[in-house]
Amino acid sequence: MRLLTIAAAVVIAAFASPILAETRTITDDLGRQVEIPVDPQAIASLDDLRLTLPLIELGAPVVASHGRISRVDSSQYIRSADILTGASFENSNIAFIGIEPVDLEALAAAEPDLIFTLVTSNADADQLQAIAPTVVFDEDITDRFAIYDRLAEMTGTEPRLWVLKDRYAKQLAQLTRLVDTESISIGLIEGGSDGAIAIEHTFGSLGRVVRDAGFIQPDVIEEIAPGGRAALSAELLPLLDSDIMFDTYRGDRAEGPENAHARMEEVFPGYCEALTACTEGNYYRIPRDEAKAISYNALSAMTMMLLTILSAPAPVGE
C-alpha cells in the first residue's frame with residue numbers, strides 16, 4: 001500500500017509539472033546526464049546545512065527541505081538557516097520532508113521541478129529522478145563553496161551570488177588592511193568523542209576566512225589534502241598550538257562553551273596547560289553553525305569576529 005501511495009504521488013507530481021518548461025542538460029557528480037529546468041520554480045533539497053542554506057541565501061525558490069528535529073523541544077528546523085538567514089519551516093513556504101532518509105511521499109507532494117541531493121544521501125537517485133530532475137553533488141570531489149557556485153548557476157541566482165562575493169571581498173580587504181594576518185597563526189580544532197582531535201584542511205567558513213586572509217596554520221593542518229579531514233591523537237595536541245585557537249560547540253543543541261571544554265578535557269585532561277593560546281587567553285569557543293556553515297553570511301560573521309579579536313585599540317591619546 002505504501003509503494004502504491006508513493007507511486008501515485010509521483011504521478012501527481014509529474015502531471016503538475018510544467019510540461020513545456022525550457023530545459024538544459026548538465027552532468028552531475030555521479031556522471032549522470034540530467035535535464036533540468038532553465039528557470040526552476042520549485043526546488044527540493046535533501047541536505048539542510050550544505051544545500052538548503054546556500055539556496056536560501058541565494059533567494060532560490062525552495063519548496064521542500066530535509067531538516068532536523070530539535071533535541072530541546074522536538075521542533076523541526078533547518079540547521080544554521082534560522083541563525084544565519086532568519087528563515088525557518090515556520091516562517092517560509094518550505095515544507096519539512098523529514099530527517100535522513102527523507103520521506104519520499106512528502107517530497108513528491110511538494111511537487112518540485114528540481115531536486116538537489118548529496119552522494120551521501122540514503123535516497124536513491126533513480127527514485128528521486130522519478131519525482132523530478134535530480135542533481136547529485138559529491139563533496140569528496142568538489143569544494144563546498146564550489147558547490148555553492150554551481151547551485152547559483154543552476155538556479156539562475158548568479159546576480160545574488162556576485163553581490164555576496166563582492167561584500168565578502170570588501171570585508172576581507174578590510175581585515176587584511178587592519179591586521180597583519182601573515183604574522184599570526186590560527187588553529188581550528190574539535191574535541192572528538194572517539195578520543196581524538198578533529199582537524200580539517202579548511203574548517204568551514206572560519207577556515208575559509210583564515211586561508212583567504214593569509215593567516216598561518218599549523219603544519220599538521222597544512223599537510224591535510226584540500227577538502228580533507230583527519231583525526232589527531234591526543235598526544236599530538238601541542239602540534240596544533242597557535243597564537244589564536246578556536247574550538248566549537250553545537251548551538252542548535254543548546255550547547256555552550258562548557259561543552260566544548262568538556263570534550264577537550266575528555267580527550268586530553270588539562271589540555272589548556274599544554275597550549276600557549278589557552279594559557280594566554282587566546283583560546284576561543286564559538287558556535288559551530290556560524291563557524292562551519294558554507295554560507296556567505298557566515299563568512300561575513302567570521303571575518304568580523306576575527307577583525308574584532310585582532311584589531312588592537314590604539315593607545316589612549318593617539
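**Group meeting: a helix, a disulfide and a pocket**

I'll start with helix H13, which runs over residues 296-310 and has 15 residues. From its first C-alpha to its last it reaches 21 Å, close to the 21 Å expected at 1.5 Å a residue. Please keep in mind that this is a predicted model.

At the N-terminal end, H13 is capped by Ser295. A side-chain oxygen of Ser295 lies 3.2 Å from the backbone nitrogen of Asn297. Which residues of H13 are buried? They are Tyr296, Ala298, Leu299, Ser300, Met302, Thr303, Met305, Leu306, Leu307 and Leu310.

Next, the disulfide. The count for this model comes to one. Cys272 and Cys278 form it, with their sulfur atoms 1.9 Å apart. A disulfide is a covalent bond between the sulfur atoms of two cysteines. The link of Cys272 and Cys278 is left-handed, with -100° about the S-S bond. Is Cys278 buried or exposed? Cys278 has a relative accessible area of 11%, and the cut-off for buried is under 20%, so Cys278 counts as buried.

Last, the largest pocket. Its volume is about 360 Å³. The lining has 18 residues, and the closest to the pocket centre are Asp143, Arg144, Thr202, Pro226 and Gly227. Which helices each supply at least two residues of this lining? They are helix H6, residues 144-155, and helix H8, residues 204-213. H8 gives the most, with four residues. By type, the lining of the largest pocket divides into nine charged, six polar and three nonpolar residues.

Key. Residues numbered from 1 in each chain as written. Predicted model: local features only at pLDDT ≥ 70, side-chain atom pairs only at ≥ 80, totals over all residues. Heavy atoms only, no water. Disulfide = S-S within 2.5 Å. Buried < 20%, exposed > 50% of the residue type's maximum accessible area, 1.4 Å probe, protein only. Expected span 1.5 Å × (residues − 1). Polar contact = N/O pair within 3.5 Å; in protein donor to acceptor, adjacent residues only side chain to side chain. 1 Å grid on protein atoms, 1.4 Å probe; cavity = no way out; pocket = protein on both sides within 12 Å on 5 of 7 lines; lining within 4 Å. Points joined across faces, edges and corners; volume = space filled by probe spheres on them. Nonpolar A, V, L, I, M, F, W, Y, C, P; charged D, E, K, R; others polar.
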